[in-house]
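Please read this short report next to the sequence and the coordinates. It covers secondary structure, surface and a few individual residues.

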Amino acid sequence: MSLQDDLSAVRRNLDELTRKVEQLERQAKRQKPMSSGAPDPSRMVSIPDAPYDNALWTDTDDEGLGARDRHAP
């Protein structure tokens, strides 16, 4: 492909992106605005204050740190 072909492809993609964004903006304007009231209690999940059972974490790795009993290379 030549540079001119690449630029034409970029223009087409940019035009398509612009059309899609405009379409999304029109759809967003038509959407019913979200209420600023209290959240729906039926959708709320309560999380207990009690500590988790440590057995849940047996044999787990610390994310990004690896396993506890191994060292990084």
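In this predicted model, the chain holds one helix and zero strands. The helix, α1, spans residues 3–30.

The chain has 73 residues, of which 3% count as buried. Its accessible surface amounts to about 7,800 Å², and carbon and sulfur atoms account for 55% of that area.

| Residue | Relative accessible area | Class |
|---|---|---|
| Asp-40 | 41% | partly exposed |
| Leu-56 | 54% | exposed |

Leu-56 counts as exposed because its relative accessible area of 54% lies over the 50% cut-off. Asp-40, at 41%, falls between the limits of 20% and 50%, so Asp-40 is classed as partly exposed.

Which residues make the nonpolar surface patch? Val-45, Ile-47, Tyr-52, Leu-56 and Trp-57 form this patch, with an area of about 650 Å². Leu-56, one of its members, is placed in the segment after α1.

Asp-40 is also located in the segment after α1. With which side chain does the side chain of Asp-40 make a polar contact? The partner is the side chain of Ser-42, at 2.9 Å.

Conventions: Residues are numbered from 1 along each chain as its sequence is written. This is a predicted model: local features need pLDDT of at least 70, side-chain atom pairs count only at pLDDT 80 or more; totals for chains, interfaces and linings use all residues. Side-chain values use heavy atoms; hydrogens and water are left out. Patches are made of residues with over 30% relative accessible area and no salt bridge: like charges are joined within 9 Å, nonpolar side chains (Val, Leu, Ile, Met, Phe, Trp, Tyr) within 5 Å. Accessible areas come from the Shrake-Rupley method with a 1.4 Å probe; for residues, only the protein chains shown count as cover. A salt bridge is a side-chain nitrogen of Lys or Arg within 4 Å of a carboxyl oxygen of Asp or Glu. Helices (H or I, at least four residues) and strands (E, at least two) are DSSP runs, numbered from the N terminus. Buried means under 20% relative accessible area, exposed over 50%, partly exposed in between (1.4 Å probe, protein chains only). A polar contact is a pair of N or O atoms within 3.5 Å; within protein, one must be able to donate a hydrogen and the other to accept it, and residues adjacent in sequence count only if both atoms are side-chain atoms.
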